[in-house]
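The structure I consulted is shown below.

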Amino acid sequence: MDTSEIVMPGMQLKKLFAKLYAPIMEKYGLRPVEIDIIMFLHKHDIDTAKDIIQCNHLSKAHVSKSIDNLKAGGFIEIVEDVNDRRVLHINLTDKSGEVIEMANEACAECWKIMTRGISQEEINTVKSIMRRVIDNVNKELE
């Protein structure tokens, strides 16, 4: 098996997400990474730029610019930690709610497209294999 057989589907999936995110990007003037940051904050209890950088494997500059754009757009607010003023928490505002709803719909549509004609048993097998592949890659990168 050629490595490109594993990498290419990921690139195609990224293109599909960009297509499904297009209405959100157009309506709110957001880039895909900014939608991803909003969704990350929505789904996780961790809420600092450092968390976003580490969990999503993004550059510090990319996240910083995206946070500035999201703050300027009113999608997030930055709050100092009560115990350590050096730590800044990123909180979603009410304005991000519709973005989250639309992004959830896009994700559901993406899953529907990806799993069309595939049984639940096959999906479970692929999930299991991909978890092991990701574990192998992460162990190598540590």
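The axes of α2 and α5 (residues 96-114) come within 10 Å and cross at roughly 95°. Axes are lines fitted to C-alpha atoms, for helices over the stretch in contact, with angles from 0 to 180 degrees between N-to-C directions. In this contact (heavy atoms within 4.5 Å), Ile35, Ile38, Met39 and His42 of α2 meet Ser96, Val99, Ile100, Ala103 and Asn104 of α5.

I note that the model is predicted: local features need pLDDT of at least 70 and side-chain atom pairs pLDDT 80 or more, while totals for chains, interfaces and linings use all residues. Residues are numbered from 1 along each chain as its sequence is written, and side-chain values use heavy atoms, without hydrogens and water.

Helices here are DSSP runs of H or I with at least four residues, and strands are runs of E with at least two, numbered from the N terminus.

I next examined α2 (residues 32-43) against α3 (residues 49-56): their angle is about 105°, with axes 11 Å apart. This pair is therefore also roughly perpendicular. Ile37, Phe40 and Leu41 in α2 meet Asp51, Ile52, Cys55 and Asn56 in α3.

Which residues of α3 are buried? I recorded Asp51, Ile52 and Ile53 (buried: under 20% relative accessible area, 1.4 Å probe, protein chains only). Their cover includes α2, α4 (60-72) and β2 (88-92).

Finally, I noted that His57, which follows α3, has a positive phi near 55°.

Notes:
Angles under 35 degrees count as roughly parallel, over 145 as roughly antiparallel, 65 to 115 as roughly perpendicular and the rest as oblique. Buried means under 20% relative accessible area, exposed over 50%, partly exposed in between (1.4 Å probe, protein chains only).
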